[in-house]
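Please look over the structure shown here before reading on.

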Amino acid sequence: MSSVPTPQAVREIADGYAFTGPALDLGAVLLDGTAYPDAPVRIPLGVLNRHGLVAGATGTGKTKTLQLIAEQLSGQGVPVFLADVKGDVSGVSAPGTPSERTSARAAEVGQQWAAQGCPAEFYSLGGLGAGIPVRATVTSFGPLLLAKVLDLNETQESSLSLVFHYADSKGLELYDLKDLTAVIAFLASPEGKEELKLIGGLSAATAGVILRALTVLENEGAGAFFGEPEFDTAELLRTTPEGRGVVSVLELPAVQDRPRLFSTFLMWLLADLYQELPEVGDLDRPKLVFFFDEAHLLFKGASKAFLEAITQTVRLIRSKGIGIFFVTQTPRDVPSDVLAQLGNRVQHALRAFTPDDAKALKATVSTFPRSSYDLGEVLTSLGTGEAVVTVLSEKGAPTPVAATRLRAPQSLMGPIEAGALQAAVDASPLTARYRDAVDRESAYEKLAARAPRPEAAPTGAAGQPADRTAQEPVPERRESPEERKEGVGGLIGSLLSNPTVKSFARSAGRQLGQEISRSLFGTSKRRR
């Protein structure tokens, strides 16, 4: 413990963090450059489903803060999800390396440091990069999320929703991008327009925009993210036989150049959890804490409907036992309706080098409760691994604002070796379940199977065309796998001149069941 007397101001702050129940230890109160280890700063475990924000300029220690919180949650039996955008979070699975800096930091904040890794699983989007492949079907992903990925405007988003509505009602499964492309091509044809008369229309121009956007997405390799086997988000809720929470790390370095895709995919994970989990109210500890890194990418350019869906999901998912921490540079990156729901705040240093920086600093200060600190000065003078903290108490009231010197993570502060990561993936029991993609019969195959084939017109005894209703039914010809691989180009042409597709689409709805139930984001409820 420190031999420096604890000032009264520090003791008053520490009193606000003297919780009686289980809590996570963040660090020690910091005043005028001195940390006071007998004044710990903590977060009650039971309020983590009230969500949070970890913010700060690049290089201020946000990633290490995530790691510090994640390893303590795991130790208390709470599963964690981490998005690893830069590729430096995999070290959470390995014990840290002792060093003079680690020992010094531990002494400053009163930490009993011991090297320890966490049980971890590593995932990747569609198998691009190291990790167990995570896929979602197009149907499950839903129109609002997909419109965000495709950068569609609100009119085009509405048209895409109409396509999903039609496919759902007619039993045309949308598993991958070629399924969606085939349905759009059909609906843009004369036969498809007849089908849409009762529920709306899809203009040729809008269909063309969506088809081109899908082609670009496919060419970028993103088609691998859509398909089967679909990832079951219940995998994120696992604990070990010893009772430790599993840390799920989604490795994203291979898709850094597609930020809109991976940020929207993270939102799909949350939307699916919201759909599947039962209401549980406030628990003594959350079922899962989800760290949403690079959160500004989710909100940038989002439609009004998309933002409303995010806000509603964040508001309601806490009753499912899920806590969300948004990770970004400034609170201004998060819409005010979402920011208002983030009860726990860890704000690292901000820079004020430009007029825009100064505005961001002023806006950040205004989001904190009143305190004895000059937050404008404190936030620009914090060092790496230091932050301004305020959380919710066990009674749900904000704690005093505390400048904090944070503890050092006990796991490895950096990536593990590529060989070790691949060995962990190969050893996982989930690898066999999700590794190999599956291509079942779905909308593409069903529509392609109805494509017409050339045949001679039947004639009657007098050489005139026979009455078709009197003919024997001709068995339908199904395409071979080789023919299906030729793409949707041939399918589009055949659909435009196919008189039988209309009756097929109508009968499909009668034969294949009811429309899929959809949630706030238009995501479908999983069929187990």
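What follows is a short report on the fold in outline, a few helices and their contacts, the cavities, and some backbone details.

## The chain in outline

The model is predicted, and every value given below should be read with that in mind. The chain contains 21 helices and twelve strands, and of its 528 residues 54% count as buried. When contacts in the chain between residues at least 6 apart in sequence are considered, 78% of them join residues at least 24 apart.

Helix α5, which spans residues 143–150, is mostly covered, since eight of its eight residues are buried.

Just after α5 comes Asp151, with a positive phi of about 60 degrees, a value it takes although it is not a glycine. Asp151 sits in the loop between α5 and α6, and it counts as partly exposed because its relative accessible area is 49%, a value that lies between the limits of 20% for buried and 50% for exposed.

## Helix α6 and its two partners

Helix α6 (residues 154–169) and helix α7 (residues 177–187) have axes that come within 10 Å and cross at roughly 100 degrees, so α6 is roughly perpendicular to α7. On the α6 side the contact is made by Leu160, Val163, Phe164 and Tyr166, and on the α7 side by Leu180, Val183, Ile184, Phe186 and Leu187. By class, the residues of this contact are nine nonpolar, no polar and no charged.

With helix α9 (residues 204–219), α6 packs at an angle of about 90 degrees, the axes being 10 Å apart, and therefore α6 is roughly perpendicular to α9. Gln156, Ser159 and Leu160 of α6 meet Thr206, Val209 and Ile210 of α9 in this contact, which by class has three nonpolar, three polar and no charged residues. Leu160 is named in the contact with α7 and also in the contact with α9. Gln156, which lies in helix α6, is buried because its relative accessible area is 13%, a value under the 20% limit. Leaving out residues up to four places away in sequence, Gln156 touches Thr206, Val209 and Ile210.

## Cavities

Rolling a probe the size of a water molecule over the atoms shows where empty space is left. The structure holds three cavities of 30 Å³ or more, and the largest cavity has a volume of about 60 Å³. Its lining consists of Ala147, Lys148, Asp151, Leu152, Glu157, Gly301, Ala302, Ser303 and Phe306, which divide into four nonpolar, two polar and three charged residues.

What kinds of residue line the second largest cavity, by class? The lining is made up of nine nonpolar, no polar and no charged residues, namely Phe81, Tyr123, Leu125, Val134, Phe231, Leu236, Leu250, Phe265 and Leu269. This cavity has a volume of about 40 Å³, and strand β5 (120–125) and helix α10 (259–276) each supply at least two residues of its lining.

## Backbone details

Most residues other than glycine have a negative phi, and most peptide bonds are trans. Against that background, the peptide bond from Glu228 to Pro229 is cis, with omega near 0 degrees, and Pro229 lies in the loop between α9 and β7 (247–251).

Besides Asp151, with its positive phi of about 60 degrees, another residue other than glycine with a positive phi is Glu294, where phi is near 50 degrees. Glu294 is found in the loop between β8 (288–292) and α11 (296–299), and because its relative accessibility is 24%, Glu294 counts as partly exposed.

Notes:
Residues are numbered from 1 along each chain as its sequence is written. This is a predicted model: local features need pLDDT of at least 70, side-chain atom pairs count only at pLDDT 80 or more; totals for chains, interfaces and linings use all residues. Side-chain values use heavy atoms; hydrogens and water are left out. On a 1 Å grid over the protein atoms alone, a cavity is a set of points where a 1.4 Å probe fits but cannot get out, and a pocket is an open set with protein on both sides within 12 Å along at least five of seven lines; lining residues have an atom within 4 Å of a point. Grid points are joined across faces, edges and corners, and a volume is the space filled by probe spheres set on the points. Ala, Val, Leu, Ile, Met, Phe, Trp, Tyr, Cys and Pro count as nonpolar, Asp, Glu, Lys and Arg as charged, and the others, Gly among them, as polar. Helices (H or I, at least four residues) and strands (E, at least two) are DSSP runs, numbered from the N terminus. Axes are lines fitted to C-alpha atoms, for helices over the stretch in contact, and angles run from 0 to 180 degrees between N-to-C directions. Angles under 35 degrees count as roughly parallel, over 145 as roughly antiparallel, 65 to 115 as roughly perpendicular and the rest as oblique. Contact means heavy atoms within 4.5 Å. Buried means under 20% relative accessible area, exposed over 50%, partly exposed in between (1.4 Å probe, protein chains only).
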